[in-house]
Amino acid sequence: MNAALGDQALNRSIVLVGLMGSGKSAIGRRLAARIGMKFVDADAEIEAAAGLSINDIFEVHGEEAFRDGERRVIARLLSEPPHVLATGGGAFIDADTRASIKAYAYSVWLRADFDVLLRRVSRRDNRPLLKVENKEEALRQLIEERYPIYEEADIIVQSQDGPHEETVSDVIAALRRFAAGDAGDEDSDRSPDLAT
Ligand code: S3P
């Protein structure tokens, strides 16, 4: 029994999707701790499998090779026991990866305001797709291309600009509602209080 989510939700992994800077890893790590599941970061797994940083994979082998690796690594992770999985921003955009996530996991789109995204991604220079002169423009374009696809996620949660724990609580509440709806019994005892 999972005190935060109820049994239903534990059948599947919880996969966080969304743009760079939306807080997938930070929220995912805290979410996993709160609901007592393992946390896995897909980008870290890709780096470990390749023996290279994301930057180097893009630089040496190109984006297509990165997407191939990403597809394979996420398919493997989805076959493992349920956990919380933070994915890179492009993972859910890949049709095969999206289909696997939809088939085997609960998908949660962490949606953040443009200003929040821009501020967060401007802090570090570790993202190959944003190593461009005009980060703002690149981010706007990604929003335009990707938001209609992220919208296909099972659950959409606004990534708050405040303490991460607030967003984590919102994700837990949304997951409970979704899992209860999935099971067809919204008022079930199996979805106990949200005391975590
Ligand atoms: C990417 C996002 C990155 C990383 C890679 C490509 C993308 O992950 O996977 O640089 O296509 O949006 P984060 O979203 O964790 O920064």
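Colleague: Leaving aside its neighbours within four places in sequence, which residues is glutamate 136 in contact with?

Modeller: This is a predicted model, in which local features need pLDDT of at least 70 and side-chain atom pairs count only at pLDDT 80 or more, while totals for chains, interfaces and linings use all residues. Residues are numbered from 1 along each chain as its sequence is written, and side-chain values use heavy atoms, with hydrogens and water left out. Glutamate 136 sits in helix H7, helices being DSSP runs (H or I) of at least four residues and strands runs (E) of at least two, numbered from the N terminus. Taking contact as heavy atoms within 4.5 Å, and leaving aside neighbours within four places in sequence, glutamate 136 touches Phe114 and Leu118.

Colleague: Is glutamate 136 buried, partly exposed or exposed?

Modeller: Buried means under 20% relative accessible area and exposed over 50%, with partly exposed in between (1.4 Å probe, protein chains only). Since glutamate 136 has a relative accessible area of 36%, this residue is partly exposed.

Colleague: Which strands stand at the edges of the sheet?

Modeller: Five strands form an open sheet with parallel pairing, in the order S2-S3-S1-S4-S5, where two strands pair if DSSP finds at least two bridges between them. Two of these strands have a single partner strand each, so one side of each is left without a neighbour in the sheet: S2 (39-41) and S5 (155-158).

Colleague: In S3, which residue is the bridge partner of leucine 16?

Modeller: S1 and strand S3 (residues 84-86) run parallel and are joined by three bridges. Within S3, leucine 16 has as its bridge partner alanine 86.
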